[in-house]
Amino acid sequence: MTATIWAGIDAGKTHHHCVAIDEAGKRLLSRRVANDETELLKLLADVLALGEVTAWGIDLADGGAALIIAVLLNHDQHLLYITGRAVNRASEGYRGDGKTDAKDAAIIADQARIRRDLTPLLPGNELVTELKVLTSRRRDLADDRTRTINRLRGHLNGIFPGLEHELDLTNVGPLVLLTGYQTPAAIRRTGRRRLATWLRNRKVRAADQLAAKAIQAAEDQHTAVPGEKVTAQLVHTLAKEVMALNEQIAETDKLIEGRFREHQHAEVIASVPGIGPLLGAEFLAATGGDMNAFENADRLAGFAGVAPASRDSGKISGNLHRPKRYSRRLQRVFYTSALISIQCCEESRRFYDRKRAEGKRHVQAVMALARRRVNVLWALLRDGRCYNPTPPVTLAA
């Protein structure tokens, strides 16, 4: 009789640890394996030789686990995902206080054996995978830009606070100005007319107004701060870095939009007010765009963190609180798109105003709108139709 086994993998960057157990939870195999295709194929063969594998469990869904996931899925293995947080909580019910890769792998295998609510990992769509990579890259670039702007503001405020207060460094014009002029004395020597011409030659919009602000700030400060020369060089360098990051983000946005438009559901997703190519790509990256993974809109709302979770006990019922386990990325998609739709969609604005009139705070009203938009988008994807402010009329037979 063929043994039925479950295998758990504690994934890492360079090495994984695999433990295989039988129906009784007895450990049949425990091995540390390199994150290398040849070694992973050997592990797969050895585990399959032990018996019929019901399921594999793993605590990572991407990153360092990408190769072993691809190997298992390419060999038609049933693979379940269990979060690291769930593994950590489950470990409290197992013997011993220590934490090792072998113990974590054994816990993952046992959880795959006894639980029925784990999410299966399926072969990824190449287009969705590319969108995951591109949107993650854009998020990293945006974070780098924010950090660089903050450093730039700190240095500029140290030598020329008046100018720092006047400039919006998220715009290109002020950044161009700082690549050429960083100190009050330099701006005063140049003069308003020459400074405006210098900015116009670099295609800065509203060059005259920007030059006037800079001259006024320079006239208000005639004191040179110690370390001004070196700090001015840092301001110049950081302004260049922000501009370079802006270019990289713009290039990435073009790539994201191009790949997003190729998806079969792109037209449906983009038809919803407030959801453009970037948020649409984030939605696909978080869900794959396949609503078969969600039985209903409530499941999608729970995954997106826009539906409250109950915390009832004893005689206490109806006690709702913010969920702790949800996709932050997907919540951002619905919350941000709800904010945008308030400005561009009359129907969304009316809904928001109604919630505010009911006494809800701004964030609560936006979250309520985001929850409603989950229902709309789920239904549109289910039916394969684009958004229409006026719902279709069903004629009586």
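The following dialogue discusses a predicted model.

Q: In what order do the six strands of the open sheet lie?
A: Strands of a sheet pair through backbone hydrogen bonds, in either a parallel or an antiparallel manner. Here the order is β3-β2-β1-β4-β5-β6, and the pairing is mixed. β3 (27-34) and β6 (119-120) stand at the edges with a single partner strand each, so one side of each lacks a neighbour in the sheet.

Q: Which residues are bridge partners along β4?
A: β1 (residues 4-10) and β4 run parallel and are joined by six bridges; G8 has G57 of β4 as its bridge partner. Three bridges join β4 to β5 (residues 79-81), and these strands also run parallel. Within that pair, W56 has L79 of β5 as its partner, and G57 stands opposite L80.

Q: What unit do β4, helix α2 and β5 make?
A: β4, helix α2 (residues 66-74) and β5 make a right-handed β-α-β unit.

Q: Is strand β4 largely enclosed or open?
A: In a regular strand, side chains alternate between the two faces of the sheet. Five of the seven residues of β4 (residues 52-58) are buried, so this strand is largely enclosed by the rest of the structure.

Q: Is E282 buried or exposed?
A: A residue is counted as buried under 20% relative accessible area. E282, in helix α13 (residues 277-287), has 9% relative accessibility and therefore counts as buried. Leaving aside residues up to four places away in sequence, E282 touches T135, R139, R329, R332 and V333.

Definitions and conventions
Residues numbered from 1 in each chain as written. Predicted model: local features only at pLDDT ≥ 70, side-chain atom pairs only at ≥ 80, totals over all residues. Heavy atoms only, no water. Buried < 20%, exposed > 50% of the residue type's maximum accessible area, 1.4 Å probe, protein only. Helix = DSSP H or I, 4+ residues; strand = E, 2+ residues; numbered from the N terminus. Pairing = 2+ DSSP bridges. Right-handed = clockwise from strand over helix to strand, strands pointing away. Contact = heavy atoms within 4.5 Å.
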